[in-house]
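Welcome! Please take a look at the protein below, and then we can walk through it together.

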Amino acid sequence: MTALAAAPAGHAADPITVILLILGTAAGYAVSLYLWPLRTCTRCHGTRVSPGGARRFHSCKRCHGTGRIRRIGATAVHRFYWSALGDQHRERRRAKLARRRQHAGPPEP
Ligand SMILES: [Zn+2]
């Protein structure tokens, strides 16, 4: 009657391992989004023209004639990256200014 207790506990997925796996996958996906934010347009398959008519060529509406579209989440990843980078730059500049001010010394005694 103790079927649940008899189940091998050693083979059960550790929740921490599962979380780490998910985080790792998400991080890998974010990196891939950063490195390759564009993918071939799903509508025109990179041909840049609307596949609708054979006689009249319209530039693809989805990719606006570029043949490439941004992957889902790529904009968010890049926005996050640049905002983080912007903060770093700002802090570095502030530190440099503070250092320069210290080096110059106070103008008044
Ligand atoms: Zn397209």
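Here is a short briefing on the fold, the core and a few residues.

This is a predicted model, in which local features need pLDDT of at least 70 and side-chain atom pairs count only at pLDDT 80 or more, while totals for chains, interfaces and linings use all residues. Residues are numbered from 1 along each chain as its sequence is written.

**Overall fold**
- The protein has three helices and two strands, where helices (H or I, at least four residues) and strands (E, at least two) are DSSP runs numbered from the N terminus.
- Along the sequence, these elements come in the order α-α-β-β-α.
- Of the 109 residues, 5% are buried; a residue is buried if 20 or more other C-beta atoms lie within 10 Å of its own, exposed if 12 or fewer, and partly exposed in between, with C-beta atoms placed from the backbone.
- Two residues are in contact if their C-beta atoms, placed from the backbone, lie within 7 Å.
- Among contacts between residues at least 6 apart in sequence, 44% join residues at least 24 apart.

**Helix α2**
- Helix α2 covers residues 15–35, and its 21 residues should span 30 Å at 1.5 Å a residue, which agrees with end C-alpha atoms 30 Å apart.
- The expected span is 1.5 Å times one less than the number of residues in the helix.
- The number of buried residues in α2 is zero, so this helix lies largely in the open.

**The nonpolar core**
- The largest nonpolar core has five residues: C41, C44, C60, C63 and I69.
- Such a core is a set of buried Ala, Val, Leu, Ile, Met, Phe, Trp, Tyr and Cys residues joined through C-beta atoms within 7 Å.
- Not counting residues up to four places away in sequence, C60 touches C41, R43, C44, R48, V49, S50 and G65.

**Two residues with positive phi**
- Most residues other than glycine have a negative phi.
- R48 is not a glycine, yet its phi is positive, at about 70°.
- R48 sits in the loop between β1 (38–40) and β2, and counts as partly exposed with 16 C-beta neighbours inside 10 Å.
- H64 also has a positive phi, near 60°.
- H64 is found in the loop between β1 and β2, and is exposed, with 12 other C-beta atoms within 10 Å.

**R70 in strand β2**
- R70 belongs to strand β2 (residues 68–70) and is partly exposed, with 13 other C-beta atoms within 10 Å.
- Leaving aside neighbours within four places in sequence, R70 is in contact with P37, L38 and T75.
- R70 and L33 are 37 residues apart in sequence, and their C-alpha atoms are 9.1 Å apart in space.
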